[in-house]
Every structure is written in structure tokens, then in C-alpha cells.
Amino acid sequence: MHRKPLIDHRIYTIAPRKMAEFLDVFDRLAMPVLKRTLGEPIGFYTSHVGPLNQLVHLWAYDDLTDYERRSLARDSDPEFPAYLQASGHLIVAQENRLLRRAELPSCRTAHGAG
């Protein structure tokens, strides 16, 4: 189980048949900024069942203040607008959820979380 108590769960719906192009743009232009400002991601996933053409990415934070601080750093990074410009025509929709870790006694005991 991941240790950070707050997870940023993002879903980008990409235009049909444009996922490869989007992943290239994202990797080249967004990832350097995101790693510099948000840190290392938990992971990236593409949908294969249910709504298609979606990229899901997860980022972990200590708390809401940490999320807001790092999000502001991302948004104000001078290289971030290049990604926004290059990806705008590829993204159909975006969703963002902040998830708090559920404290389950069985998980805390079994996995040493706390």
C-alpha cells in the first residue's frame, strides 16, 4: 500500500486513434515538468475495458497543502505552457479526483502501514 495519504487520480480522455501521439507529447513535454514539480508518479495506465481512450495517472501527496504547493509549481513552470499548447487538440475530457487513504485496521496490521 502506498504510504502517502492523499492521491491525485487523473483521467484524460484522448481523441480516438490519438493515444500514441498524446503519449509522445506527454512524455516529451509534460513529464520533465511533472517530475520536477510533482515528484515521481505512482503510475500511468490506459483503459482497456469500459470507457476507452483514457490515460489514468496517479500522484501521491502528504496533504492538501502539499498538493496545492506542488500544483502551483507545475502550473507556474515556464515550460508547462508548451505541453498545454501541444496537447490541447488531443484531449477530449479531463477528470481529477483527490482520494484520501482509508484507514483499515486489517491493512495497517497486514502491511505495516500506519
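This is a predicted model: local features need pLDDT of at least 70, side-chain atom pairs count only at pLDDT 80 or more; totals for chains, interfaces and linings use all residues.
Local features need pLDDT of at least 70 and side-chain atom pairs count only at pLDDT 80 or more, while totals for chains, interfaces and linings use all residues. Residues are numbered from 1 along each chain as its sequence is written, and side-chain values use heavy atoms, with hydrogens and water left out.

Strand β1 covers residues 6–14; helices (H or I, at least four residues) and strands (E, at least two) are DSSP runs, numbered from the N terminus. Nine of the nine residues of β1 are buried, so the strand is largely enclosed by the rest of the structure. Buried means under 20% relative accessible area, exposed means over 50%, and partly exposed lies in between, with a 1.4 Å probe and protein chains only. Leu-6, Asp-8, Arg-10, Tyr-12 and Ile-14 point one way from β1, Ile-7, His-9, Ile-11 and Thr-13 point the other way, and all are buried.

β1 pairs with two strands, where pairing requires that DSSP finds at least two bridges between them. With β3 (residues 54–61) the sense is antiparallel, over eight bridges, and Asp-8 has Trp-59 as its bridge partner there. With β4 (residues 91–100) the sense is also antiparallel, over nine bridges, and the bridge partner of Arg-10 in β4 is Asn-96.

Asp-8 and Arg-10 also form a salt bridge with each other, their closest N and O atoms being 2.9 Å apart. A salt bridge here is a side-chain nitrogen of Lys or Arg within 4 Å of a carboxyl oxygen of Asp or Glu. Asp-8 is buried at 0% relative accessibility, and Arg-10 is buried with a relative accessible area of 11%.

By this rule the count comes to ten salt bridges. One of them joins Asp-62 to Lys-4, with the closest N and O atoms 2.9 Å apart. Asp-62 lies in the loop between β3 and α2 (64–76) and Lys-4 in the segment before β1, so the pair ties together parts that are 58 residues apart in sequence. Asp-62 is partly exposed, at 43% relative accessible area, and Lys-4 is partly exposed, at 28%.

Arg-36 forms a salt bridge with Glu-79, the closest N and O atoms being 3.5 Å apart. This pair links distant parts of the chain, with Arg-36 in helix α1 (residues 19–37) and Glu-79 in the loop between α2 and α3 (80–87), 43 residues apart. Arg-36 is partly exposed at 48%, as is Glu-79 at 45%. Salt bridges link Arg-36, Asp-77 and Glu-79 in a network.
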